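Thanks for making the time this morning. I would like to take you through one protein chain, from its overall make-up down to a handful of individual residues.

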Amino acid sequence: MGPATGISDLHKSSLTKRTARIVCGALVFASISFSPAHSGETDGHDSTSHFEICGPAGQWIDPATGNTVPPEDALLQAAKGSIVLLGESHTSKEDHLWQIHTLAGLFAHNPDIIVGFEAFPRETQPVLDKWTAGDLLEDAFLEEARWNDVWGYDADFYLPLFNFARQNRLDMKAINVDRSLVSTVGRDGWEAVAETDRQGISTPTPASQAYREALAAVFSSKLSHGIGRVADSDSETETKEPTVEDILARSDFNKFVDAQLVWDRAMAEALFEASEENPGALVVGILGRGHVEHGFGVPHQLESLGAGKIVSLLPVSVTGECRTIEASIADLVFLVDDRETVQDQPQRPRLGVFIEEASDGGVLLSHVSDGSIAQAADLRSGDVVLKAAGEDLSSTADLVEIIQRQAPGTWLPLEIERDGKIQTLVAKFPSLSDTN
């Protein structure tokens, strides 16, 4: 999903290994990533076995054994599947480089490939069709697909995948749903959504207990960052940090799970439909790793739909995640360079806020990060940004786009509403000399 619709890249909280990441000045709830809860139920996976697989980048590893797998064997094994899921961290250049090379390797084994993208809601399918037919240039493609509105991550990371599909005239499938559905389910629950408003999505298969406990860790981090209600609708106050058991009992958590399941189900149904309608084709899903890990999300929904062989592949950092890999994380993993040390393109400007669309217009700041440009500008949680650089804001995408346009050393005036009063603050982006 696009900005402000789910939890993205969670690292190192008290209940999970991941915390919320701020991307391009916006909170992007685009996927979840977690370590599985260690309960009695493992949903058929051995999540208690770990291996240290750290080694040189560029190796395929079987996480069930810790053994290296020759590249030709890894790709041949994957190409024999019906649906192959390539997980990613949306902001990692290394992950996307791995995806394009893996896609090319799969193409060598089976050129009949259909590529499904989480980045696109189904309504953008006509635009994808025009792109793969060669009828659009890059800028027009991204504009017509409303990239900044529906996704918002760095398009440069994804364009090699899009161009590979177009050059080889591969079908690209929009497998996501409009974020309004997921937001509605997260607020009201799945059962409260009328059948006519479900965008054609069938009722998801219930989450396993292990998945629920993993999502409880994500939900706890969500609350600790001030996103959503701190207290459940069934309790007026909370005086201590909630335990996993506390989270599992909350009614708002159950709606949160419903929203995640709808998201998983929507993508699974689109991938399954593409596979069923194209016998012999290899359907490849490009999606957030949280929908892939441990078979909890999309694989679980695919299995319930009766999909053929499902292969899950993930990139793993050589200096971080590789130190303790659980056997159930994926069918195969690939070691990539440390995402923090790779010399990527210069970072786009970041304001350092979590945002969502305000109910009465503008953009609500639900959290301001410590040490950020936003904090230095005296922006506060609960502020509603009405204008940026003199331009009215009608969506989170508007603010993201304006922030991304800021050059180093520029000052960005922001008109905000705080406690019913309008005031102007200035966000000062450091110059290149300040950051060196």
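Predicted model: local features only at pLDDT ≥ 70, side-chain atom pairs only at ≥ 80, totals over all residues.

Residues are numbered from 1 along each chain as its sequence is written, and side-chain values use heavy atoms, with hydrogens and water left out.

The protein chain contains 14 helices and 20 strands, where helices (H or I, at least four residues) and strands (E, at least two) are DSSP runs numbered from the N terminus. Of its 436 residues, 55% are buried; buried here means under 20% relative accessible area, exposed means over 50%, and partly exposed is in between, with a 1.4 Å probe and protein chains only. If we take the contacts with a separation of 6 or more, 68% of them are between residues 24 or more positions apart, a contact being heavy atoms within 4.5 Å. The chain exposes about 18,000 Å², and carbon and sulfur atoms supply 48% of that area, as computed by the Shrake-Rupley method with a 1.4 Å probe, where for residues only the protein chains shown count as cover.

Now to the disulfide. The structure holds 1 disulfide, which is defined as a pair of cysteine sulfur atoms within 2.5 Å. The partners are Cys-54 and Cys-322, with their sulfur atoms 2.0 Å apart, and the link is right-handed, with 95° about the S-S bond. This pair links distant parts of the chain, 268 residues apart: Cys-54 sits in the loop between strand E5 (50-51) and strand E6 (60-62), and Cys-322 in the loop between strand E12 (310-317) and strand E13 (325-326). Is each cysteine buried or exposed? Cys-54 is partly exposed, at a relative accessible area of 28%, whereas Cys-322 is buried, at 0%.

Setting aside neighbours within four places in sequence, Phe-141 is in contact with several residues, among them Phe-120, Trp-131, Phe-162 and Met-172.

The aromatic rings come next. A search of the whole structure finds 19 aromatic pairs, counted for rings of Phe, Tyr and Trp (its six-membered ring) whose centres lie within 6.5 Å, with planes under 30 degrees apart called stacked, over 60 edge-to-face and the rest tilted. One of these pairs is Trp-147 with Tyr-158, an edge-to-face arrangement at 5.3 Å centre to centre and 65° between the planes. Trp-147 is in helix H5 (residues 147-150) and Tyr-158 in helix H6, 11 residues apart. Trp-147 is buried, at 4%, and Tyr-158 is likewise buried, at 1% relative accessibility. Phe-219 and Phe-253 have ring centres 5.6 Å apart and planes at 75°, so this pair too is edge-to-face. Here Phe-219 belongs to helix H8 (residues 209-224) and Phe-253 to helix H10 (residues 251-277). One aromatic cluster includes Phe-120, Trp-131, Phe-141, Trp-147, Tyr-158 and Phe-162.

Arg-166 lies over the face of Trp-131, at 4.0 Å from the ring centre, by a test that asks for NZ of Lys or CZ of Arg within 6 Å of the ring centre and within 35 degrees of the ring normal. Arg-198 lies over the face of Trp-190, at 4.2 Å.

Asp-378 is not a glycine, yet has a positive phi of about 70°, and is partly exposed, at 33%. Asp-419 also has a positive phi, of about 55°; this residue lies in the loop between strand E19 (411-418) and strand E20 (421-428) and is exposed, at 77% relative accessibility.
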